[in-house]
Amino acid sequence: MSSTPLVLVPGLLCTDALFGPQVSALAGRAVMIADHRSDASLDAIAQRLLDTAPERFALAGLSMGGYVAMAVMRKAPQRVTRLMLLDTTARPDTPEQTENRRRQMALADAGRFDQILPALFPLFVHESREHDPALRAICTRMAEDVGAEAFIRQQEAILARPDARPDLGRIACPTTIVVGEGDRLTPPDRAREMHALIPDSRLEVVAGAGHLPTLETPDAITRIMRDWLA
């Protein structure tokens with residue numbers, strides 16, 4: 001399974017561990033994990049990705065990673081051979097979401113970063129996994145690896161993101177949209193909206209998954225990814 005390199009973009013508070021099961025399963029394909037921690041704007045993150053990625057690549061982003069992927073498609077669509085958007089939305093934040101992000105940023109800035117993941121974890125996973133200690137441990141490790149300073153940069157980038165819906169109709173590469181059926185942060189209706197706007201796109205709603213299906217239902221996501229890359 002060589003051929004086109006694959007670039008993966010994790011979500012907020014996530015690291016390459018978010019795609020660990022898929023990277024292992026796709027052994028033999030060149031895989032790059034984008035740096036989404038060093039810059040405070042989506043355009044800068046997208047430009048860093050383009051500066052370090054192969055000339056042509058398949059691109060998949062989850063949640064915040066989806067926002068970055070859409071920014072890449074605005075900047076250099078000719079470089080992306082196929083696109084996967086997982087558990088994300090093309091819409092900007094609601095006022096309530098903006099207020100929640102600013103509250104979290106203030107906590108992190110005040111030295112209370114350790115309070116953020118425990119509050120977010122139940123929203124990250126399917127309701128049946130809220131008390132899954134192994135999944136919580138992975139999410140805790142990822143958050144600790146991201147750290148408070150990068151988390152604040154990530155939130156700044158997310159807060160300033162545009163409404164991406166007007167641009168989706170110009171996406172011309174094969175596109176698959178994936179969402180956990182129990183995603184409470186970017187629910188299936190957001191995925192259906194993107195599916196309706198991106199020509200000839202494919203929609204996959206994953207049973208038993210919330211906002212992090214790559215970890216919650218890894219075998220299902222690996223199968224979807226193999227089909228998408230084939």
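## Close-up views of a predicted model

**View 1. Helix H4 is the main contributor to the lining of the largest pocket.** The largest share of this lining, 7 residues, comes from H4. Please keep in mind as you look around that the model is predicted. The pocket has a volume of about 660 Å³. Of its 31 lining residues, those closest to the centre are Gln-97, Asn-100, Arg-101, Leu-123 and Leu-185. Helix H3 (64-75), helix H4 (95-109), helix H5 (116-124) and helix H6 (133-159) are the elements that each give two or more residues to the lining. Sorted by class, the pocket lining has 13 nonpolar, 10 polar and 8 charged residues.

**View 2. One cavity of 30 Å³ or more is found in the structure.** About 40 Å³ of space lies in the largest cavity. Around this space you will find Leu-42, Tyr-67, Met-70, Arg-74, Thr-89, Ala-90, Arg-91, Arg-161, Pro-162 and Ala-164. H3 provides the largest share of the cavity lining, with 3 residues. By class, the residues lining the largest cavity are 6 nonpolar, 1 polar and 3 charged.

**View 3. An open sheet is built from 6 strands with parallel pairing.** To find your way across the sheet, follow the strands in the order S2-S1-S3-S4-S5-S6. Strand S2 (31-33) and S6 stand at the edges with a single partner strand each, so one side of each has no neighbour in the sheet. From one strand to the next, the twist averages 15°.

**View 4. Strands S1 and S2 run parallel and are joined by 3 bridges.** Here we look at strand S1 (residues 6-9) beside S2. Which residue of S2 is the bridge partner of Val-7? The partner is Met-32.

**View 5. S5, helix H8 and S6 make a right-handed β-α-β unit.** Strand S5 (residues 175-180) and strand S6 (residues 202-206) run parallel, with 5 bridges joining them.

Key: Residues are numbered from 1 along each chain as its sequence is written. This is a predicted model: local features need pLDDT of at least 70, side-chain atom pairs count only at pLDDT 80 or more; totals for chains, interfaces and linings use all residues. Side-chain values use heavy atoms; hydrogens and water are left out. Two strands pair if DSSP finds at least two bridges between them. Helices (H or I, at least four residues) and strands (E, at least two) are DSSP runs, numbered from the N terminus. A crossover is right-handed if, with the strands pointing away from the viewer, the path from the first strand over the helix to the second runs clockwise. On a 1 Å grid over the protein atoms alone, a cavity is a set of points where a 1.4 Å probe fits but cannot get out, and a pocket is an open set with protein on both sides within 12 Å along at least five of seven lines; lining residues have an atom within 4 Å of a point. Grid points are joined across faces, edges and corners, and a volume is the space filled by probe spheres set on the points. Ala, Val, Leu, Ile, Met, Phe, Trp, Tyr, Cys and Pro count as nonpolar, Asp, Glu, Lys and Arg as charged, and the others, Gly among them, as polar. Axes are lines fitted to C-alpha atoms, for helices over the stretch in contact, and angles run from 0 to 180 degrees between N-to-C directions.
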